[in-house]
Amino acid sequence: MTHFVIATRESRLALWQAEHVKARLQEQGHSVALLGMTTRGDQILDRTLSKVGGKGLFVKELEAALEDGRADLAVHSLKDVPMELPAGFALAAVLEREDPRDAFVSPHFESLAALPQGAVVGTSSLRRTVLLQALRPDLRIEPLRGNLDTRLRKLDEGHYAAIVLAAAGLKRLGLDARIRSVFEPAQMLPAAGQGALGIEVRSERPEVVAALAPLLHRPTWLATAAERAVSRAMGGSCSMPLAAHAQWHEGEGVLGIVAAWGDEQQPGRLLQASAQAVVADEAQAQALGLAVADRLLAAGARRA
Ligand SMILES: NCc1[nH]cc(CCC(=O)O)c1CC(=O)O
């Protein structure tokens, strides 16, 4: 048995996720404490994240706590973890994925199709913006930042007809009732890693990596490795109009992946590519992701 300290952001979702990992480690016989931290990404709410340094803003402070030994592991939404970690850090485990889909949330309308012409939809995600524009060019997309509770509050205050959020976050917080409909991946392709949790450690701590091994969910790890390889090949920026989603074909060891890239300079122009392969290890998963990124680039997508 070992004592571990988990560094976490302090939003309700981040704390739920850290508590989840804490419980899983306790099941393994370890004792665990949480170290809550506020990150720059949590403080800056008035600007689009891509303009102030990207989603890496959510992980830097947690990495500082790992580096100086205040914490042993950091729990992140995998979607928010940069494709390239700084030297000395590693992704030690990826846990079983929750629902990877996006959810349509609205007080008055049951689905995207039910929205009136020109309705205002809130999102600050470039991916959601380009996908929404391709589905409904008439909609007005307005920025929406903040943690889940803040975004739901702004919706309830009447600033938007609807907003789009990850189903996983809503389900984890018991807010399923807010989901009016879910988007199937074919309609609104999720972000790389959406719905999965990633655990970051210092690479020189093999004993921490070993303790996390029982939490690693291999099918999710390989699927998200393929998704993250697409993103890395496209320039690695999380603030890119890029979607990538991999799914296992039941029982065949075959991983299929679909990626989409939206052209911000030509709203409504959406490029899509797909690939599938037998995948048995991380290298094969990454090769699959690279293949689909090459197809996007060949079709005219631009690296960030
Ligand atoms: N970008 C913020 C973020 N990071 C992870 C989630 C949801 C949980 C997940 O995808 O694992 C969210 C909220 C959202 O996109 O609605």
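**Close-up views of a predicted model**

**View 1. Strand 11 gives the largest share of the lining of the second largest pocket, four residues.** The structure shown is a predicted model. Strand 11 covers residues 242-249, and both this strand and helix 8 (218-233) supply at least two residues each to the lining of the second largest pocket. In total, 14 residues line the second largest pocket. Those that lie nearest its centre are Arg-97, Pro-100, Ala-246, Gln-247 and Trp-248.

**View 2. The second largest pocket, seen by volume and by residue class.** The volume of this pocket is about 310 Å³. Its lining has six nonpolar residues, along with four polar and four charged ones. Rolling a probe the size of a water molecule over the atoms shows where empty space is left.

**View 3. The one aromatic pair found in a search of the whole structure.** The pair is edge-to-face because the ring planes of Phe-104 and Phe-183 stand at 80 degrees, with the ring centres 6.3 Å apart. Distant parts of the chain are linked by this pair, as its members are 79 residues apart. Phe-104 belongs to strand 5 (residues 102-105), whereas Phe-183 is in the loop between strand 9 (179-182) and strand 10 (197-202). Phe-104 counts as buried because its relative accessibility is 0%. Phe-183 is also buried, with a relative accessible area of 3%.

**View 4. A charge over a ring: Arg-202 and Phe-89.** The charged end of Arg-202 is 4.7 Å from the centre of the Phe-89 ring and sits over that ring.

Terms used:
Residues numbered from 1 in each chain as written. Predicted model: local features only at pLDDT ≥ 70, side-chain atom pairs only at ≥ 80, totals over all residues. Heavy atoms only, no water. Phe/Tyr/Trp six-rings, centres within 6.5 Å; stacked < 30°, edge-to-face > 60°. Buried < 20%, exposed > 50% of the residue type's maximum accessible area, 1.4 Å probe, protein only. Lys NZ or Arg CZ within 6 Å of the ring centre and 35° of its normal. 1 Å grid on protein atoms, 1.4 Å probe; cavity = no way out; pocket = protein on both sides within 12 Å on 5 of 7 lines; lining within 4 Å. Points joined across faces, edges and corners; volume = space filled by probe spheres on them. Nonpolar A, V, L, I, M, F, W, Y, C, P; charged D, E, K, R; others polar.
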